[in-house]
Amino acid sequence: MKEVEQEINNYNNKRMKTIGLIGGMSWESSKLYYEFVNMQIKEMLGGSHSAKCVMVSVDFAEIERLTFQDDWDAIGELMKQAAQQLERAGAELILLCTNTIHLVSHYISDNVSVPFMHIAATTGDAIRSKGIKKVALLGTRFTMEKDFYTNTLENNFGLEVITPNTHGKKVVHDIIYDELVKGQFKTLSRQAIIEIIEELIEQGTEGVILGCTELPILISDDDVTIPTFDTGKIHAYKAVEWSINSNSVIKI
């Protein structure tokens with residue numbers, strides 16, 4: 001009997017852990033998270049392996065409405081409910097598949113017993129590994145203007161973070177909400193983002209954080225002369241690494 005128990009313990013210690021995904025913000029990027037975790041599992045394990053994951057997807061229209069009403073507590077409650085639903089479904093690690101809503105990520109980390117992996121922390125770790133010191137942050141105006149993201153990058157990873165000017169912030173924000181989250185990826189919008197990045201390069205930025213999970217669908221490394229950081233892909237890949245190796249979660 002003890003031998004059987006030992007075999008079960010050995011299996012549990014070696015097995016792939018289940019990744020929990022809070023998606024729907026928007027589904028355009030959430031589908032990429034599912035693709036990323038499975039691509040990386042295949043890359044790391046080979047054969048016919050696929051990721052062990054569960055997803056709870058929210059209605060983005062509700063989140064969007066609450067965002068523009070500045071009702072972050074209500075959004076936080078929805079995130080808490082989604083995270084707890086994932087935990088009940090067997091998730092052993094939770095990812096919030098969006099940048100902006102990490103503003104209320106404490107509603108998740110404070111209300112589940114499984115680890116939560118913060119997207120800004122995984123992004124900061126990836127940037128630091130490249131030896132980059134000064135980085136530009138693009139995203140919604142909430143991500144660019146509130147300090148929940150930049151504080152993590154500056155205080156935990158020693159990065160200098162810059163953002164576009166007022167007009168540039170509005171252009172990026174409007175493209176995200178008016179187009180990207182609705183699955184519209186326009187050539188003119190790509191060019192507008194490229195021009196904003198070029199202005200930031202003139203200010204000395206060495207890399208650019210695509211701090212909206214839809215932005216990498218529009219912009220790639222081929223479009224600019226500095227490295228881009230696809231936050232969703234970085235986030236998903238780090239979760240896979242943890243799932244396989246059970247490494248300690250990057251904390252903030």
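**Strands, cores and cysteines**

Leu 138 stands opposite Leu 210 in E7, where strands, like helices, are DSSP runs numbered from the N terminus (helices H or I with at least four residues, strands E with at least two). This is a predicted model, in which local features need pLDDT of at least 70 and side-chain atom pairs count only at pLDDT 80 or more, while totals for chains, interfaces and linings use all residues. Residues are numbered from 1 along each chain as its sequence is written, and side-chain values use heavy atoms, with hydrogens and water left out.

Strand E5 (residues 134-138) pairs with E7 in the parallel sense over four bridges, two strands being paired if DSSP finds at least two bridges between them. E7 also pairs with strand E8 (residues 228-230), again in the parallel sense, over three bridges, and in E8 the bridge partner of Ile 209 is Phe 229. In a regular strand the side chains alternate between the two faces of the sheet. Within strand E7 (residues 207-210), Gly 207 and Ile 209 point one way and Val 208 and Leu 210 the other way, and all are buried (under 20% relative accessible area, with exposed over 50% and partly exposed in between, for a 1.4 Å probe and protein chains only).

Leu 138 is also one of the residues that touch the most other members of the largest nonpolar core, which has 46 residues; such a core is a set of buried Ala, Val, Leu, Ile, Met, Phe, Trp, Tyr and Cys residues joined through side-chain atoms within 4.5 Å. Helix H4 (residues 72-88) supplies the largest share of this core, six residues. A second, separate core of 34 residues includes Ile 209, together with Phe 36, Ala 51 and Leu 159.

The structure holds zero disulfides, a disulfide being a pair of cysteine sulfur atoms within 2.5 Å. The sulfur of Cys 53 lies 9.5 Å from the closest cysteine sulfur, in Cys 97, and is therefore too far for a bond; Cys 53 is partly exposed, at 21% relative accessibility. For Cys 212 the closest cysteine sulfur is likewise in Cys 97, at 13 Å, too far for a bond, and Cys 212 counts as buried because its relative accessibility is 6%.

Finally, Ser 30 lies in helix H2 (residues 27-45) and is buried, with a relative accessible area of 3%. Leaving aside residues up to four places away in sequence, Ser 30 touches Gly 23, Gly 24, Met 25 and Met 55, contact meaning heavy atoms within 4.5 Å. His 106, found in helix H5 (residues 106-109), counts as partly exposed at 40% relative accessibility.
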